[in-house]
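Trainee: Could you walk me through this model before I set up any calculations on it?
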Amino acid sequence: MPIPFNKPYITGKEIDYISDVFRAGKLSGDGEFTKRCHQLITEKYGFRKVLLTTSCTDALEACAILLNIQPGDEVIAPSYTFVSTVNAFVLRGAKIIFADSEASTGNIDATKIETLITPRTKAIVPVHYAGVACDMDAIMRIAEKHNLFVVEDAAQAIDSYYKGKPLGSIGHLAAFSFHDTKNIISGEGGMLVVNDPQFEKRAEIIREKGTNRSAFFRGEVDKYGWVDAGSSFLPSEITAAVLLAQLEKTDVIQNKRKQLWELYYERLKPLAEKGFLQLPQIPDYATNNAHMFYIVLNDLDTRTKLITHLKSAEIHAVFHYISLHKSAYYEKKHDGRELPVADKLTNTLLRLPMYYELTTEQTELVCKSISGFFAK
Ligand SMILES: *Cc1c(COP(=O)(O)O)cnc(C)c1O
């Protein structure tokens, strides 16, 4: 039986909730299911304000609008990340100043940020890679000192913590993803978290095509109209219905993923001790939400051969980002600085199968296959 890299987990309750949506006859956004998702998430994580969005990409675009990013503004972000992290700001005309990553976590190296700040810098966008927290105290300190905004790209970081605080609650704004490849899913979907109260009202307006429709439905204004520039970032109730079913199972999903993660770690530790590969490190200030299990090989050639070796055993393991400062779109816009850690992760990081329905037997099989590769 082939072992895929990812398989979206369906709890079974999604279809019941979707039926409820059809029965109620209201399919568009901000109905009962969206409210219930907002409530559940707010109660569980204590976020100040959350708004479901159509994707994390859209939540990030809402952030760029909220921060009034203008052409010529600079935004500091890691190069080793998904395009959406920075594309949202590029759409508003920002110049992206790429920072290098830490070899131990793949997160933005907080010690490299301050030298990149100029009078044009507006924001820092840390990404919690693999759901493991960036050094948020250091990042927030720098932001405060230079009067910058922090947007957490928490796409992978649901149910993960930094010094006891949920990720997504620390920056001025944060964006989550519920895409099929994440821990908690709704097909496509995301969430904007507003921690800084100055953005609370406008976040609702931007999400609703620039109108004050949300305030109108709460009875706060007696007619609604066009009050700002915005877009349509709210998901349909069908998406919210799927998400609610998933959110209700968060603990079950997380426990299973963590179990598999620990098993990978234990089984691959001997190979790490022999110097064949590096295992992910979880800093003392961070928890592990088992979003991803990756290994870092010693060089590109070893990774390529290992992928082929696993494929011959029908195990699908995949590499991850290609540094954005080397991308076709941004290479010429980049200021030319070398980012050696981002490049190293581009060439040597390998993600192993990780999903709820993966069995311990399959996990053992993946580890055996990797051990077999290095025994040769
Ligand atoms: C998945 C992901 C996104 C994009 O999420 P969508 O919901 O698909 O838009 C953005 N940033 C990071 C770091 C991601 O992993």
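This is a predicted model: local features need pLDDT of at least 70, side-chain atom pairs count only at pLDDT 80 or more; totals for chains, interfaces and linings use all residues.

Trainee: On to pockets, then: how much space lies in the largest pocket?

Mentor: The largest pocket holds about 540 Å³ of space, and 32 residues line it, with Phe82, Thr181, Lys182, His320 and Tyr321 lying nearest its centre.

Trainee: Which domains does that lining draw on?

Mentor: Domain 1 (14-247) and domain 2 (250-375) each provide at least three residues of the lining of the largest pocket. In terms of secondary structure, at least two lining residues come from each of helix H3 (56-66), helix H4 (84-90) and strand E12 (349-352), and H3 gives the most, with three residues.

Trainee: And how do those lining residues divide by class?

Mentor: The lining of the largest pocket has 13 nonpolar, 14 polar and five charged residues.

Trainee: What about the second largest pocket, how much space is in there?

Mentor: About 460 Å³ of space lies in the second largest pocket, and among the 19 residues that line it, Asp30, Lys35, Glu204, Ser214 and Arg218 are the closest to its centre. By class, the lining of this second largest pocket consists of three nonpolar, six polar and 10 charged residues.

Trainee: Which element gives the most to that lining?

Mentor: Helix H2 gives the most to the lining of the second largest pocket, with four residues, while H2 (32-45), strand E1 (49-53), helix H6 (200-207) and helix H7 (213-217) each supply at least two.

Trainee: Where does the largest cavity lie relative to the two domains?

Mentor: The largest cavity lies between domain 1 (14-247) and domain 2 (250-375), because both of them give residues to its lining.

Trainee: And what lines the second largest cavity?

Mentor: The second largest cavity, with a volume of about 40 Å³, is lined by residues including Trp261, Pro280, His291, Met292 and Tyr294. Its lining divides into eight nonpolar, two polar and no charged residues.

Trainee: Last topic, at what angle do helix H1 and helix H8 pack?

Mentor: Helix H1 (residues 14-24) and helix H8 (residues 237-247) pack at an angle of about 145 degrees, with their axes 8 Å apart, and the crossing of H1 and H8 is right-handed.

Trainee: Which residues of H1 meet H8?

Mentor: From H1, Glu14, Tyr17, Ile18, Val21 and Phe22 meet a set of H8 residues that includes Ile238, Ala241, Val242 and Ala245. The contact of H1 with H8 has nine nonpolar, one polar and two charged residues.

Technical notes
Residues are numbered from 1 along each chain as its sequence is written. Side-chain values use heavy atoms; hydrogens and water are left out. On a 1 Å grid over the protein atoms alone, a cavity is a set of points where a 1.4 Å probe fits but cannot get out, and a pocket is an open set with protein on both sides within 12 Å along at least five of seven lines; lining residues have an atom within 4 Å of a point. Grid points are joined across faces, edges and corners, and a volume is the space filled by probe spheres set on the points. Ala, Val, Leu, Ile, Met, Phe, Trp, Tyr, Cys and Pro count as nonpolar, Asp, Glu, Lys and Arg as charged, and the others, Gly among them, as polar. Domain bounds come from an automatic or database domain assignment. Axes are lines fitted to C-alpha atoms, for helices over the stretch in contact, and angles run from 0 to 180 degrees between N-to-C directions. A crossing is left-handed if the near helix is turned anticlockwise from the far one by less than a right angle, and right-handed if clockwise. Contact means heavy atoms within 4.5 Å.
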